[in-house]
Amino acid sequence: MTMGRAPARLVLLGTGGTIASTAGRASQLTDYAVTEGIEAMLAAVPGAEALGAIRCEQVFNVDSRRFSTARVLRLARRIDTLLRDPAVDGVVVTHGTDTLEETAFFLHLTIRHPKPVVLVGAMRPGSALSADGPLNLYNALLVARDPLSRDCGILVAMNDSILAARHIAKGHTTRVDAFRAEGPGTLGGISDGTVRILQRPALPATAAFPLKGLRGLPAVDILYDHQDAGEHLYQAAIEAGAAGIVVAGLGNGSLSPAAIRGCARARRHGIQCVRASRVPHGEVTAKATDARDGILASHGLNPQQARTLLRLALATGLDTDAIRMALKDA
Ligand code: SIN
């Protein structure tokens, strides 16, 4: 609800993406560049000033394909610090949509706080006909200021939906309804200025990794499996010094003969291997042969989520059994 409450104190963190981009023509929906700072983006949202005291911070201003570990850690630490500030009621982060799900899942695994954290992006640049950024941003601010959004974990507000970071994935390359959330991931929506939370995450976060002490994250590669796959990419990952490999496997995480041989070779070098799936929906279930092969099932995590969890698990020194449990419980 938006009426009759003390003004919220929100911090709006800008990181770039299409929501911060403009193109030469209104009909141009691709080939644009990040041009707008976070203050200008907020100023372009009519009515935002009525939503509370909103402080803008530009953390960086890049396409999300340029997000590095250092940038994700910097953003996560800034959010963590802001949430601990009693003068802040909630945080909104503008983000490119291409890797938004990776940052969102990283925050899901590392940040625990009842205050709302809402990630938001846009599929069309600010200069476009029917740009979706201003309404998405307005909605994200509504969600962040609403007490109903507390204790819901990291949220994503896109295209009138309120989605749980644990469950989101980009499911379309260009449409404004690009983000989908598996099963319980759609927590609610925003309709004509009203925030509705229809369900809360039932699972407590079991795989929480502390940000404190994290200096960097080990390299984990995702290798895409397919018919007639070769072993050479596994050798390349070994030679590049990967600490982990996630295979975007087939079906229920089954692996081609080359992927099985590649993982066996990687295991001999002490590299942790995880079987995920290139199929967008469904779990990758554990198999009796996993223990023999030293490969772990990703369970409900897609390849990029499994990679994020594996990096955190390796950085915090979890052994194989603990990583197995963390994947199962995430
Ligand atoms: C990006 O991810 O930075 C570009 C694409 C987008 O934001 O939609």
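**Reading the terms against the values**

Biologist: Why is Asn 159 called partly exposed?

Modeller: Asn 159 has a relative accessible area of 30%, and since buried means under 20%, exposed over 50% and partly exposed in between (1.4 Å probe, protein chains only), the term for Asn 159 is therefore partly exposed. This is a predicted model, in which local features need pLDDT of at least 70 and side-chain atom pairs count only at pLDDT 80 or more, while totals for chains, interfaces and linings use all residues. Residues are numbered from 1 along each chain as its sequence is written, and side-chain values use heavy atoms, with hydrogens and water left out.

Biologist: What makes the phi of Asn 159 worth a remark, and where does the residue lie?

Modeller: Most residues other than glycine have a negative phi. Asn 159 is not a glycine, yet its phi is positive, about 50°, and its place is the loop between β7 (154-158) and β8 (161-164), where strands are DSSP runs of E of at least two residues, helices are runs of H or I of at least four, and both are numbered from the N terminus. Asp 228, in the loop between β13 (220-224) and α5 (232-239), also has a positive phi, near 60°.

Biologist: Is Asp 228 buried or exposed, and why?

Modeller: Its relative accessibility is 79%, and because that value is over the limit for exposed, Asp 228 counts as exposed.

Biologist: How do you know that the side chain of Glu 231 makes a polar contact with Arg 261?

Modeller: A polar contact is a pair of N or O atoms within 3.5 Å; within protein, one must be able to donate a hydrogen and the other to accept it, and residues adjacent in sequence count only if both atoms are side-chain atoms. The side chains of Glu 231 and Arg 261 meet at 2.7 Å, and the side chain of Glu 231 also has a polar contact of 2.8 Å with that of Arg 265. Leaving aside neighbours within four places in sequence, Glu 231 is in contact (heavy atoms within 4.5 Å) with Ala 258, Arg 261, Gly 262 and Arg 265.

Biologist: What makes Gln 28 a buried residue, and which backbone oxygens lie by its side chain?

Modeller: Gln 28 counts as buried because its relative accessibility is 16%, although it lies in the loop between β2 (21-22) and β3 (33-34). A polar atom of its side chain lies 3.2 Å from the backbone oxygen of Thr 30, and the backbone oxygen of Asp 31 is 2.9 Å from a polar atom of that side chain.

Biologist: Why is Cys 56 called buried?

Modeller: Cys 56, in strand β4 (residues 52-58), has a relative accessible area of 15%, and therefore is buried.
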